[in-house]
Every structure is written in C-alpha cells, then in structure tokens.
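Okay, thanks everyone, let me put the model up.

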Amino acid sequence: MTAITERLRVPGAFVLGAVLLLGVAPLALSDFRLSLLAKYLCYAIVAVGVSLAWGRGGLMVLGQGVFFGLGGYAMAMHLKLADAADTGEKLPDFMQLYGTSDTLPWWWEPFANPLFAIAMTVVLPMAVAALLGFFVFRRRVKGAYFAILSQALAAALSIWLIGQQATTGGTNGLTDIQGFFGYSLDDPVNQRMVYFVIAAVLLLLMALARQLFVSRYGELLVAVRDSEERVRFLGYDPANVKLVAYVVAAGMAGLAGALFVPAVGIISPALIGIVPSIGFVIGAAVGGRASLVGAVLGAIAVAWAQSTLSDEFPAAWTYLQGLLFVLAVGFLPGGLASLVTILRRRRAQPRTTPTEEAEEPVPVTVGETA
C-alpha cells in the first residue's frame, strides 16, 4: 500500500496543482487579482529553471534576468509591430517619438513574423546561455566567480538597453502593448486567456523538469554538483552536464519573459537588471531550490510580498528581501520545503522513555546459574 501511495504522490500533486490553477483560482479571484497571479506565475516559471540549475546542479544563476529580458523583448517587439500595423503605421509609437529615422531598424524586421518572434523568445536566451556557458564551464569557472559573471552580464544588458532610446525605448522600455496575436488585452476575457496559457505552460515545464530530475541526466547533474572530479574520472565531461542545465534554465526564463509581456503589458530594463535577477534566486531559495513545488511556491510568495510590502515599506523592502536570502541560505539551506523532511525524520526517530534509558542489561557470564 505504501508503494502505491508513493507512486501516486507526484501525479496527485500535479493534478491538485492543475485544479487549483486552472479551476479554483479563476473562480475565486477577481480579474485584477488573477492578472497579478499571472505575473507571479511568470516568476514561478523562472524558478523552475533555477531549481534545475541551482537546486540540482549547484549553479548559482544570478543572471536569469538577462534571459528573462531577452525573451520579453523578443515578444514585445513583435507585439509593438503588430499594434503599429493595426493603426496603419510602419514604426512603433516610441520610434515615432524618439527615433531619428523613418525606417525600421534591420534587426527589428524579422520580428514582424509571429513564428520567428515566438521561436526567438526561447532560442535567443538559450543561444546566449550556450555561448557564455561554453567558455565559462570549459575554464572551470564556478562558485562566486560564476555568480559575479552572471550579474555582470545582467548589468551590461540593462545598461545597453537604457542607452538605446530610439530602438529599445530606453529607460521606459516597450510599453502600452495593446494586443496579443489578434486579441485585445483590454478585454478581461482575453486577459483570462493569457492567464490560462501561463498556468498551462508552468504545469508543463514543471512536468518536464520533474522528468529531468528523475532521469539519468538528473542523477549525473547531482553527481557533478557533489563531486565534479569523480564524475570526470568516470569519463563524463562536467562542463557539458552543467551547460545543458544552464541552457535549459535560460530557455525557461526566456519563455517566462515572453509570457510576462502580455500579462503586464510592458518590458523594461528595470525588470531585467541585477536586482530582479537576485529576486528570482531569492524566491527559489526561500521555497526550497531542490524542490520544484517549493521553488514555485517560494517565487510566488516572494513576488506577492514584494508587491504588497514594497508599497507600504518602499525603503525597507530591499533590506528585507536580502535578509530573506541570508536566512534561507544560512539557516535553512533546503528552504521551507525542507521543513517537511525534517519533521518526518523527527517523527521516524524512536522515542525512549527515562525508565528505558535507566535500565541496562545485566551481564551474565558463562556457567552462571540463575
């Protein structure tokens, strides 16, 4: 009976999550709250990739904002071009205001194709991650040095986007997005459709990540995290193992950024810099980076706290966010999800009474009679 329960535990949890996200939440929440939840679920998608790369692979990915931004800008570029075409314009509105030319930049033109734009939301982040990871992992850069490089990349992309006012919108980014593949985002029904798409993508990516966790590759990834040299002696290249996890996590972050755009209607450098990248990791750390469910719930909880507490305590929220990360890493490395395991272990430990501890067996020698 225990074996059957263990087998049904993961499918049951998946079904429960699907019922809550696709059934209960749309019925229980207002349109405004549901749109906020859609935004939080985008962060949860990033957390799935963080759980794979950091929780299983030990890669401190502090630059996920880069891939989130690449996917978001790829989607936003197409949607801005589509909005311009609907109004009979050749250029997006911000280019008409800040642009210095009457022609569309050459690197914007391919994004008018919806299939190309959708593909780039995943392919572009994965390509950048593959290029960076190839050089970094081949040189055996890891630990704090890898985290610093990730943050440097996030800062560089944010600074570059801010400096390109005429082509990327500068500090404001790409705003006032009206449509999503022919559907008006002003319609609450279409906003709910976007929510359902985001929730379905999250569930599918969690199922995919779960399969990676229990696969032979997942075991190899854990082995690389725990003892990289031993894996190398067994004939595997740890650089390739880590590269796959890093690239897959980047693709998930890019897809999350692409879905974030129709959910919120904006993408800007403020959403992809160093601070947002750290926020993605904090959510996974608080919930439990080694647990998919923990990482997802942690990302949603931290995002909700940021939306509510930052309004009431704008100056103190950043310090509180940093304190959460320090406490999670320093005192509860497994996150809140590990509390369940800790409680189970304590319950499984045999309890001894003071009388049992005092009673000691009396030694009996050979030949001794009672």
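Let me start with what lines the largest pocket: by class, that's 24 nonpolar, eight polar and four charged residues. For the classes, Ala, Val, Leu, Ile, Met, Phe, Trp, Tyr, Cys and Pro count as nonpolar, Asp, Glu, Lys and Arg as charged, and the others, Gly among them, as polar.

Before I go on, this is a predicted model, so local features need pLDDT of at least 70 and side-chain atom pairs count only at pLDDT 80 or more, while totals for chains, interfaces and linings use all residues. Residues are numbered from 1 along each chain as its sequence is written, and side-chain values use heavy atoms, with hydrogens and water left out.

Back to that pocket. Its volume is about 1400 Å³. Of its 36 lining residues, the closest to the centre are Ala13, Ser291, Leu292, Val293 and Gly294. The elements giving two or more residues to the lining are helix H1 (2-28), helix H2 (31-56), helix H8 (188-214), helix H13 (292-312) and helix H15 (338-348). H1 supplies the largest share, 10 residues.

Quick word on terms. We work on a 1 Å grid over the protein atoms alone: a cavity is a set of points where a 1.4 Å probe fits but cannot get out, and a pocket is an open set with protein on both sides within 12 Å along at least five of seven lines; lining residues have an atom within 4 Å of a point. Points are joined across faces, edges and corners, and a volume is the space filled by probe spheres set on them. Helices (H or I, at least four residues) and strands (E, at least two) are DSSP runs, numbered from the N terminus.

H8 gives the most here, three residues.

Of the 370 residues, 43% are buried, where buried means under 20% relative accessible area, exposed over 50% and partly exposed in between (1.4 Å probe, protein chains only).

Now the rings. There are 16 aromatic pairs, meaning rings of Phe, Tyr and Trp (its six-membered ring) with centres within 6.5 Å; planes under 30 degrees apart are stacked, over 60 edge-to-face, the rest tilted. Phe134 and Phe135 make an edge-to-face pair, 5.4 Å centre to centre with 85° between the planes. And why is the pair of Phe137 and Tyr246 called edge-to-face? Because the planes sit at 80°, with the centres 5.8 Å apart. Phe137 is in helix H5 (residues 114-138) and Tyr246 in helix H11, so this pair ties together parts 109 residues apart in sequence. Both Phe137 and Tyr246 are buried. There's also a cluster, with ring pairs linking Tyr43, Phe68, Phe260 and Phe280.

Two arginines sit over rings, too. The charged end of Arg56 is over Phe213, 4.7 Å from the ring centre, and Arg289 lies over the face of Trp54 at 4.5 Å. The cut-off for a charge over a ring is NZ of Lys or CZ of Arg within 6 Å of the ring centre and within 35 degrees of the ring normal.

Which brings me to Ser51, in helix H2. Ser51 is buried, at 0% relative accessible area. Leaving out residues up to four places away in sequence, Ser51 touches Arg56, Phe213, Arg289, Ala290, Ser291, Leu292 and Ala295, a contact being heavy atoms within 4.5 Å.

Most residues other than glycine have a negative phi. Asp176, though, has a positive phi of about 55°, and Asp176 is in the loop between helix H7 (165-168) and strand S1 (179-180). Phe181 has a positive phi near 55° as well, in the loop between S1 and strand S2 (183-184). Asp176 is partly exposed at 46%, and Phe181 is partly exposed at 33%.

That's my tour, happy to take questions.
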